[in-house]
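This briefing reviews a single structural model, grouped by topic for computational use. Please read it alongside the sequence and the coordinates displayed here.

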Amino acid sequence: MDESKTMEAEGTVTISGGLHSQQLAQKEYDRFLKAERKTTHQVRLTQAAILLLFLALWEVAGRNQWIDALLFSFPSRIGALLYSKWVDGTLLIHVGVTLWETVVGFLLGTLVGTAVATMLWWSPFLSKVLDPYIVVLNSLPKVALGPLFIVALGPGVLSIIATTLSITVIITILTVYGSFKEVDANYTKVIRIFGGSKSTVFQKVILPASYPTIVSTLKVNVGLSWVGVIVGEFLVSKEGLGYLIIYGFQVFNFTLVIGSVLLIAVAATVMYQAVAYLEGKLIGNKRN
């Protein structure tokens, strides 16, 4: 009887000790999250302050002729020009065209590149055959291929998207395939020992382990897809932000040029933040 009471008391002490440890761990975790939120808030405030200070100095320098306002303009003049184009409806058209082309090129480049990387991982023979061709394609100046795409596909959206794909696909293939090859072979052996097929190995081991690299590739492709689209619009487009930049240079309206560049920066930032949000979902779910 005494032994049972002793065991019961020890069990109670163990449970209470475990609960106390959990409470301490939760308290430390909450403190860590609070510190992280505080740091993030401070970073955002500092970033906003730097941006506002830069815009203020730019405005003052332009108005006081410290810089050539014809070439570099200043924020209020740029804002007035963009607002006038927003009111007459032309700005939304140009932004919409460029954004649509960029998103399509971005998604296609990532999907096609990842699909080809999967094929190369699946077939070592195909990988050995295509390796020198991929290296050569990666070394080519992609922008120089633009005129070829125009002749082959016509002066339209297809040639612009093709220019974007020529920039994004090869980088995606090299990066994602390299990540596939670097996955620990022991994980693959475990799946094989339990009778898993090659497709099971890819679904359960290779692809999940490569999520961080794929997301990093998405971030890189955000910038590359904008480069491809703007270069394509330089060459053939009659609409879009690239067209506005070229038109601004032709008529010496550098306020329009800088305004278009700023719009590209804002749109690219929004796309980058969307990819960062996707990264949090994928990597967070993977860790959980």
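A salt bridge is taken here as a side-chain nitrogen of Lys or Arg within 4 Å of a carboxyl oxygen of Asp or Glu. By this rule the count comes to one salt bridge. The model is predicted: local features require pLDDT of at least 70 and side-chain atom pairs count only at pLDDT 80 or more, while totals for chains, interfaces and linings use all residues. Residues are numbered from 1 along each chain as its sequence is written, and side-chain values use heavy atoms, with hydrogens and water left out.

**Salt bridge**

- The bridge joins the side chains of E59 and R63, with an N to O distance of 2.5 Å.
- Both E59 and R63 belong to helix α1 (residues 2–63), where they are four residues apart, about one turn of the helix. Helices (H or I, at least four residues) and strands (E, at least two) are DSSP runs, numbered from the N terminus.
- E59 is buried, at a relative accessible area of 15%, whereas R63 is exposed, at 54%. In these terms, buried means under 20% relative accessible area, exposed means over 50%, and partly exposed lies in between (1.4 Å probe, protein chains only).

**Overall architecture**

- The chain contains twelve helices and zero strands.
- The radius of gyration of the chain is 27 Å, well over the 19 Å that the globule rule gives for 288 residues, so the chain is more spread out than a compact globule. This radius is taken over C-alpha atoms, and the globule rule is 2.2 Å times the number of residues to the power 0.38.
- Along the principal axes, the C-alpha atoms of the chain fill a box of roughly 100 × 55 × 30 Å.
- Of the 288 residues of the chain, 32% count as buried.
- Contact means heavy atoms within 4.5 Å. Among contacts between residues at least 6 apart in sequence, 69% join residues at least 24 apart.
- The chain exposes about 18,000 Å², of which carbon and sulfur atoms supply 69%. Accessible areas come from the Shrake-Rupley method with a 1.4 Å probe, and for residues only the protein chains shown count as cover.

**Nonpolar cores**

- A nonpolar core is a set of buried Ala, Val, Leu, Ile, Met, Phe, Trp, Tyr and Cys residues joined through side-chain atoms within 4.5 Å.
- The largest nonpolar core has 18 residues, and those with the most contacts inside it are F106, V222, W226, I264, M271 and V275.
- The elements giving two or more residues to this core are α10, α11 (241–250) and α12 (254–287). Helix α12 gives the most, with eight residues.
- Apart from this core lies another, of 16 residues, among them V176, F180, V205 and I214.
- With neighbours within four places in sequence left aside, V222 is in contact with F106, A268, M271, Y272 and V275.

**Nonpolar surface patch**

- Y83, W86, V87 and L92 make a nonpolar surface patch of about 500 Å². Patches are made of residues with over 30% relative accessible area and no salt bridge; like charges are joined within 9 Å, and nonpolar side chains (Val, Leu, Ile, Met, Phe, Trp, Tyr) within 5 Å.
- Helix α3 (residues 75–87) gives the most to the nonpolar patch, with three residues.
- Y83 is located in helix α3 and counts as exposed because its relative accessibility is 57%.

**Loop residues**

- S210 lies in the loop between α9 (198–209) and α10 (211–235), and it counts as buried because its relative accessibility is 0%.
- Not counting residues up to four places away in sequence, S210 touches S179, F180 and V183.
- S73, in the loop between α2 (69–72) and α3, has a positive phi of about 55 degrees although it is not a glycine. At 0% relative accessibility, S73 counts as buried.
- F252, in the loop between α11 and α12, has a positive phi near 60 degrees and is likewise a residue other than glycine. F252 is exposed, with a relative accessible area of 60%.
- D88 is placed in the loop between α3 and α4 (90–122) and counts as partly exposed at 49% relative accessibility.
- The C-alpha atoms of D88 and L218 are separated by 35 Å, the two residues being 130 residues apart along the chain.
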